[in-house]
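Take a walk through this structure.

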Amino acid sequence: MASNTSNFVVPLPPVVKVEVEEQVVPKDFRGYLTRALAWTALMPLFMLAFMHFSQLTHTAAVIDDQQIMRTQQFARSMSARFVSIETFLNTASDMISESIGSKVIPVSRLNKLAEKMPYLTSLKLISYTGRVDFHHGESSVSTAELMSAFAGSEVNVRSFQNEICFGSRVPEADSYDRSFLLIDCEPKEDIAAIFERSVGAEPYSLQIFDSKQKEIFFTSLNDSGNVRPQNLSPEFVKISEQMLGAPIPLWRTNQKRNDSAVLSIAEIPDTDWRVVFSQRVTFRDKQLLSSLLTSGVFLVCGALLALIVGTFLGFRLTNYVQTLIDQINAFKKDGSIKKPDRSFLANAPIELKLLSVQFEKLVRQVQSTQKKLEESNLDLTHQVNLRTRTLNQRNQELRALQFLLAPLQDVIKRTVESFRLILGLNQLDFVDKPERDRQDLASLPVKLSTGVLGYLSFERPDYTQENRINTSLQRLANSIAIVLENKEMFSSVKASQSRFNALLESMTEGVVLIGKTGSLLYSNKTAREILSIAPGDGIAKVESYIEEHFRKVYLADSPNNPQDFFAGPTRYVSKVDSDFFIEASGFLVPEFHGYVGPRMGLLLRDISEEVSMERMKRNLISVVAHELKTPVTTLRLQSETLQRQIRSGKLSDSQQLLTEMLEESERLQNLICDWLDVSRLEAGSLVIKPKVQTVTAILNKAMKSVHLHFPHLEVSLKVEPEAECVLADKDRMTQVFVNILENAARYNDKEKPTCNVRSEKIDDSVVISFSDNGIGVSEKHLSKIFDSFYQVDMGSGRKVGGTGLGLSICRGIMAAHGGKIWAEQNPKGGTVFKISLSL
């Protein structure tokens, strides 16, 4: 069934734009005053928090220091007791050793000596057969356990279930195996007594273990929580190893707070025992809380009292300020002046009273000034309207001229077009040449003293506007000329300056420009590197700076005039590095950009390599003459002696002379071989044949060669199993070993020169170190002793001979093996040479 309802549309109302003003909540004086008082009361709370944090940090640091100090004090006490027992055993052992030959044990003397030890519990003398020849006191450890524990040791400490025993071996005069054991056993309760004296009433736990992760002793004192001993897991042992070498040997266990503890560790000197003190974190929290409670209560009470007093005083002050606000509101409403009441005049602060009086005066002045301003406003309005018309056109011209200050691409065209619109011209263009065949166009040259830069071509104006338009166009022409000339000058100056800077910065010599007062005006990159100055640093006096950091070197052919800083090329040596030399030459700069008048300059050169080569040449002649002269002279004398014997027919010493001549010729041959090796190394033609070799075999071969000339050299070897085999050329590696060992014996003033050789694996390399007890090498020579012909003592009168090629050849041989060699100072005296070979 169809619907009879007709369709209709309800027209929508037009969109109405409603602007809602943002509501601003007024901030009254009461609010400001209340916030000021609140902040005043809160400041003590902030100070409380800061003070509590500082106090908490300080208290925690003090507790940590106390635990570390007590741990170290306990370790020293244990060490002192161990040393005392060891001294006692050594004294008793010497006494027994003197009487072993007579087969009579000095029992009475031992008893008297034992009675003098206040904490001696048990002392036994056990023979090699297991017989107890002497005992003092009782011990729970059996004789068999003691003999098994102290078998094969000189002096040792052993831990048993309830006792700690110290043993000393007393050998017989004719046999070490047939010896006696003198053993002192102390109960572990003594350790607990020492621990209790160290910590007092503090709740600590003590745990002692050795380097093999075996627990020796554990006790807990004044701790109701029954702290359990730490599990000697690999992770705990690793952390304890790290803490032993740390500045603060203290750490916290990774557990819940109620179960967590703070641990400190120390090592008992002269033993492999380690001491761990532990304390619960919960006990530390109680100490920190007790130190903060009292001061916090007093400060909070003071802050609340300040807030109450401030609120009371602020309420009265707010009422007086409200009176002034009512005066201002009355003036804003109807322009009237409202007088304050008697209470305000009697009780208000003097500042608020003066403010009320000044406000009344100000209102009267405002009313008088307002009338005058209304009258002046009418005159100013008329004058402004007249001036505005002139300024509008001038502003439009200035806006058009502003385009000339931007980059010049299309700027002149846009400026000219703007002027065309401003002046109402149909045509205005900037062209190179004027169009002289058109009578309707006029032109204005754009020129400077150097010539015409172009023309402004424009439509001839009406005679009534001609003067105004020509004035504006002349201003435009002058501006265009100035912009074009500035662009050309800027491009020229920038290009010249870039070429100048690039030239100076690329020089290998240092260039320094000095001002009239001696200050630094300019320095290039090389000069800054030579003088060690940063790019932005300035120097007030260049001459004083050079004399402060360098010392003048006077040569035979150089001008010796210390008064003239710029007199000829002058050499200087650094006061810090005696191998760093520079040469300074003065020159005159007639005119420098940005400065009027001549300036002095310095040309600096780094001549360290030249001086080093000069030294090397002089020293090389001396070394070669000294080293080659000796074997040649010896051969000559021996040949003359042999010739005289042959002529006389007496050949009794001929065999010895021939042997000596062979030795000298071999020495001369070694010198020549060293020269040849250096030549091969410099040419890169040294050939090696690496094979798998053992360090022991190479060292034994080297020792046989060294002992022929240095029989007193003592060499010890310690090789780790993983660092026994290396891939190397045996002959060349033996040459390296021989050179290092000969240096250990040659540069040594001891009666028994020694060299300790150690081979160990570090990462993926085998490092072999040679530690000698020689005269050593100073720090400044360590990096240079591997240079060719370099010796610490290069004079012709040096005590020890040599060409300075040995270590240089060793470095080349190691480089050919893909390894390296270096030297370090030995803390115990002497030098440590190390070589590294890849596995």
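S532 is exposed, because its relative accessible area is 61%. Exposed means over 50% relative accessible area, buried means under 20%, and partly exposed lies in between, with a 1.4 Å probe and protein chains only. S532 sits in the loop between α11 (525–531) and α12 (542–549). Helices (H or I, at least four residues) and strands (E, at least two) are DSSP runs, numbered from the N terminus. S532 is not a glycine, yet its phi is positive, at about 60 degrees.

This is a predicted model, in which local features need pLDDT of at least 70 and side-chain atom pairs count only at pLDDT 80 or more, while totals for chains, interfaces and linings use all residues. Residues are numbered from 1 along each chain as its sequence is written, and side-chain values use heavy atoms, with hydrogens and water left out.

D763 also has a positive phi of about 60 degrees, and D763 is not a glycine. Look for D763 in the loop between β23 and β24. With a relative accessible area of 66%, D763 is exposed.

Now turn to the cysteines. How many disulfides does a search of the whole structure find? The search finds one. A disulfide here is a pair of cysteine sulfur atoms within 2.5 Å. C165 and C185 form the pair, with an S to S distance of 2.2 Å. The two cysteines are 20 residues apart and link distant parts of the chain: C165 is in strand β4 (residues 163–171), and C185 is in strand β5 (residues 179–187). The torsion about their S-S bond is about 105 degrees, so the disulfide is right-handed. C165 is buried, at 0% relative accessibility. C185 is buried too, at 2%.

Next comes a helix pair. Two packed helices are described by the angle between their axes and the distance between the axes. Helix α16 (residues 730–746) packs against helix α18 (residues 806–816) at an angle of about 145 degrees, and the axes are 10 Å apart. Axes are lines fitted to C-alpha atoms, for helices over the stretch in contact, and angles run from 0 to 180 degrees between N-to-C directions. On the α16 side, R732, M733, Q735, V736, N739 and N743 meet G806, L807, I809, C810, I813 and M814 of α18. Contact means heavy atoms within 4.5 Å. By class, this contact has seven nonpolar, four polar and one charged residues. C810 is buried, at 1% relative accessibility.

A nonpolar core is a set of buried Ala, Val, Leu, Ile, Met, Phe, Trp, Tyr and Cys residues joined through side-chain atoms within 4.5 Å. This core has 39 residues, and M733, F737, L741, I768, F770, F833 and I835 touch the most other members. Elements giving two or more residues include α15 (695–707), β22 (725–728) and α18. Which element gives the most to this core? Helix α16 does, with eight residues. Leaving aside neighbours within four places in sequence, F770 contacts residues including F737, I740, L741, F833 and I835. Another core lies apart, with 38 residues, among them F88, I191, F217 and W273.

One last stop is G818, in the loop between α18 and β25. G818 is exposed, at 54% relative accessibility. G818 and L837 are 19 residues apart in sequence, and their C-alpha atoms are 7.0 Å apart in space.

Note on methods:
Nonpolar A, V, L, I, M, F, W, Y, C, P; charged D, E, K, R; others polar.
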